There are 2 protein chains.
Amino acid sequence: MSKKLTSRAEDYSKWYNELVVKADLAENSAVRGCMVIKPYGYAIWEKMQAELDRMFKETGHQNAYFPLFVPKSLFEAEEKNAEGFAKECAVVTHYRLQNDPDKPGKLRVDPEARLEEELVVRPTSEAIIWNTYKNWIQSYRDLPILVNQWANVVRWEMRTRLFLRTAEFLWQEGHTAHATEAEAIEETKLMNNVYATFVENFMAIPVIQGVKTESERFAGAVDTYCIEALMQDGKALQAGTSHFLGQNFAKAFDVKYANKEGKQDYVWATSWGVSTRLMGALIMTHSDDNGLVLPPNLAPYQVVIVPIYRNDEQFEAISKVAEDIISDLRDRSISVKFDKRDTLRPGAKFAQHELQGVPLRIAIGPKDLENETVELARRDTLSKQTVILDRISVVIEDLLEEIQESLFKRALDYRNNHITKVDDFDSFKKVLETKGGFISAHWDGTNETEDKIKELTKATIRCIPLESESEDGVCVYSGNPSKGRVLFAKAY
Amino acid sequence: MSKKLTSRAEDYSKWYNELVVKADLAENSAVRGCMVIKPYGYAIWEKMQAELDRMFKETGHQNAYFPLFVPKSLFEAEEKNAEGFAKECAVVTHYRLQNDPDKPGKLRVDPEARLEEELVVRPTSEAIIWNTYKNWIQSYRDLPILVNQWANVVRWEMRTRLFLRTAEFLWQEGHTAHATEAEAIEETKLMNNVYATFVENFMAIPVIQGVKTESERFAGAVDTYCIEALMQDGKALQAGTSHFLGQNFAKAFDVKYANKEGKQDYVWATSWGVSTRLMGALIMTHSDDNGLVLPPNLAPYQVVIVPIYRNDEQFEAISKVAEDIISDLRDRSISVKFDKRDTLRPGAKFAQHELQGVPLRIAIGPKDLENETVELARRDTLSKQTVILDRISVVIEDLLEEIQESLFKRALDYRNNHITKVDDFDSFKKVLETKGGFISAHWDGTNETEDKIKELTKATIRCIPLESESEDGVCVYSGNPSKGRVLFAKAY
Ligand SMILES: [Zn+2]
Ligand SMILES: [Zn+2]
């Protein structure tokens, strides 16, 4: 397989698909719409998990695990939620295979082993979890419940793309229960904030926090908060959502608690999640025509050392220098890999590490040994410098920090340059087709206008930003009065 | 719910079930045979995961993720494996629900949305993984592949018990590919060793390493290595298995590689796994009639501090002392919880922490403030001592180590006292029914004898121990010649 990628300018979508496969992040599997996450891709996901998990625990949450399957009768209990997911449910109907009498050596579903009640493979776990919480909650003393689950979920999507939209994906889903509406709303906002902090500081992806319109809301939610990012092709990507569920699930599953005065009331709920979709956001925010570009925080190894040698003696001398560097870097908690494979030439190694986005590459050759220097290359800028051996670990420590910040800055500049205020529908369409990005425009607040704009332009309202000022104006489409701007974009 | 457990002597099985629920480890769910792992139980599982994951990585393995579903045609490719699991497969046949025309507000499976090929919910992932490895392997340069997956699997069991046997469970499954038979066998043994080290050193559970007989082997394996533990009721529990798969899966999925000379050969395979079943082993090895007993390595918190006070002033003075202790313990990487709930009395807190197996409990009352002491209670021995405040963190650090060792020692003594050499079948039956435990006896090496013994006594051959000496003898059942002893037991 050629390592050369299609360029983004040539075909952005093709570039993405090729990059995911060639950088060894993921690939399609034998199961329609399901991906295999390869070790290198999974190592990045593990870094995200570790940091998110730390942040969840720091904000008082604990992990638990609930069943993969949801009995149909529970699944349909919260009507809007059921309606929202019914069309994409994988359903288990049988619990046994048997030898196929017509085809020796083949199996078939045992017709006698039909389940009395079908089981839905969870597309999300509100139903099974609230059916469980019912038994955990009697009084205010049992609240709040602050639980998170790391799990796989299945949504039978027709058009799938690696990481961005897959039939099975990995995610975390927080499900909390509260005594008061105010507390649940506070939790919803807190977790949206945790997501924003994580995505910005850890993944170096700038996001806009906002609230979804009714039509973009999670099925079963009263309010959906979200973080929206902007990809390099000018399309938006919803990177995480946090839902205030009101008392919808408590009512569907009859979950009440007694307050301090002994009065019974339904419990208030939130749920919030991010998924392996974040991998897609990561790739499409930072990468370039040479491949993946990783923020140092997410790199499975932050530094790679490539030896350049003609004989064993040189290799050994270089290895000695490399081992010293490795030990110094590890003391600074910098992860480093010494690429001493003898099956690949240095040029091929350079190409692979570039494709896989290793933030810094050290090359050490015979000349470097003489001069007590190494060659240091930055993946993000593709620039090289010669560094004195004595200073290498200090230089690297500083550079890793600089790269992390500079990737964020670059993405932020791009994002800020691609929020365009628009006040008439012709400009709206023109900006959308030429420049892309977010369009900040007035909207009259109706579903009809939102639908019409989507139908005409494919742009949806990504969110009503939390930090928007109220500003009187008229709707960009209908001309009806509006109290403020919302953000439109085409989206993944 | 009463906190008082049924005693082990009264009804061991009932004691276990009650303990799992009352100690907040897990509970049954609305889905037949599937459990909910509650936060306290999940926190213990997380500790196991973290340590195992570290050990896997230290031995050169990487994590990846493969699909939950296995298309039926792949599932049936390796015949023995398919045959072994066919009877317990949950099968997805449809990918959509729709409104039930006969029952308003209810859903039904959409008969139009039948899958062309049924999908098996993975009971184990050899099939889907070897179908993937096929594309990853061309030459010896691509080998070995050392991959592990943390995942949920489903085996439709008819009689389920929390942790020990559930329809869905959590596990890790390693799947490796090698160029030579010798290397694959070495890997199989290495990972069995990793499991033994983990279970003994980290979980304080002594195990015997051995090899399974043909009838107890993993479906599709050439050899199954295992670690066997002994529970307090004299029944054995298989705590982990590591399989040498030969070229069975490589042949079923046509996975060949070119060696250095360019010659094609099938790839050699291993797989190995441990699961949430380990939670069952943990509970049944160390716990007592008062509840869970946790080795310090696995305790979500190793120390709990309970304040005993009559007024706010006392509470504040005690809190100050507690905060100092907490800070000292955290400096020593000891996890500690300050139980300052004002909804429970100290006695109720003591009972809860005892039930939940917290290794050490500190109580601080007004008298302690005066004397600059605290009361320190050990969960494993239920003994108490008064400790001078100045020495508390040193004492605790030492004690935690001592508890970890003493739990192992206690379990090892019990285990060693329950391996009985037996040379005739009457003694075999008598020892099995009275003393229980492992019976070390000669076996003639045939399936028939093994089956017959199982039929007559319910005892199975747990393993042929790796460390057994060859010893000529005659089979305890058939009287036919035997080259060595094997271990029989009734088992979970
Ligand atoms: Zn632009
Ligand atoms: Zn005994």
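Modeller: Let us begin with burial: a residue counts as buried when its relative accessible area is under 20%, and as exposed when that area is over 50%. Please bear in mind that this is a predicted model.

Colleague: Why does A:Glu51 count as buried?

Modeller: The relative accessibility of A:Glu51 is 18%, and the limit for burial is under 20%, so A:Glu51 counts as buried. The residue belongs to helix 2 (residues 39-58) of chain A. Apart from neighbours within four places in sequence, A:Glu51 has contacts with A:Phe198 and A:Phe202.

Colleague: What makes A:Lys263 exposed?

Modeller: Its relative accessible area is 56%; exposure requires over 50%, and therefore A:Lys263 is exposed. A:Lys263 is found in the loop between strand 14 (256-258) and strand 15 (264-266) of chain A. Not counting residues up to four places away in sequence, A:Lys263 touches A:Tyr257 and A:Ala258. From A:Asp11 it is separated by 252 residues in sequence and by 62 Å in space, C-alpha to C-alpha.

Colleague: How many aromatic pairs are there over all chains, and why is the pair of A:Tyr95 and B:Trp156 called stacked?

Modeller: Over all chains, the structure holds 42 aromatic pairs.

Colleague: Why is the pair of A:Tyr195 and A:Trp272 edge-to-face?

Modeller: Their ring centres are 6.4 Å apart and their planes stand at 65 degrees. An angle over 60 degrees counts as edge-to-face, so that is the term for A:Tyr195 and A:Trp272. Because A:Tyr195 lies in helix 6 (residues 181-202) and A:Trp272 in strand 16 (residues 268-275) of chain A, the pair ties together parts 77 residues apart in sequence. A:Tyr195 is buried, at a relative accessible area of 0%, and A:Trp272 is buried at 2%. Both belong to a cluster linked by ring pairs, together with A:Trp45, A:Phe56 and A:Trp150.

Colleague: How do you know that A:Glu76 and B:Lys106 meet in a salt bridge?

Modeller: The N to O distance between their side chains is 4.0 Å, and the rule asks for a nitrogen within 4 Å of a carboxyl oxygen; the pair therefore meets the rule. Between chain A and chain B the count is 4 salt bridges.

Colleague: What area is buried between chain A and chain B?

Modeller: The buried area is about 5300 Å², with 68% coming from carbon and sulfur atoms. In chain A, the residues losing the most area to chain B are A:Tyr65, A:Leu97 and A:Leu107, which together give 13% of what that side buries. The contact takes 64 residues from chain A and 64 residues from chain B. Across this interface, 28 residue pairs are in polar contact.

Key: Residues are numbered from 1 along each chain as its sequence is written. Chains are lettered from A and ligands numbered from 1 in the order in which they are written. This is a predicted model: local features need pLDDT of at least 70, side-chain atom pairs count only at pLDDT 80 or more; totals for chains, interfaces and linings use all residues. Side-chain values use heavy atoms; hydrogens and water are left out. Rings of Phe, Tyr and Trp (its six-membered ring) pair if their centres lie within 6.5 Å; planes under 30 degrees apart count as stacked, over 60 as edge-to-face and the rest as tilted. Helices (H or I, at least four residues) and strands (E, at least two) are DSSP runs, numbered from the N terminus. Buried means under 20% relative accessible area, exposed over 50%, partly exposed in between (1.4 Å probe, protein chains only). Contact means heavy atoms within 4.5 Å. Buried area is the accessible area (1.4 Å probe) that two parts lose on being put together, summed over both. A polar contact is a pair of N or O atoms within 3.5 Å; within protein, one must be able to donate a hydrogen and the other to accept it, and residues adjacent in sequence count only if both atoms are side-chain atoms.
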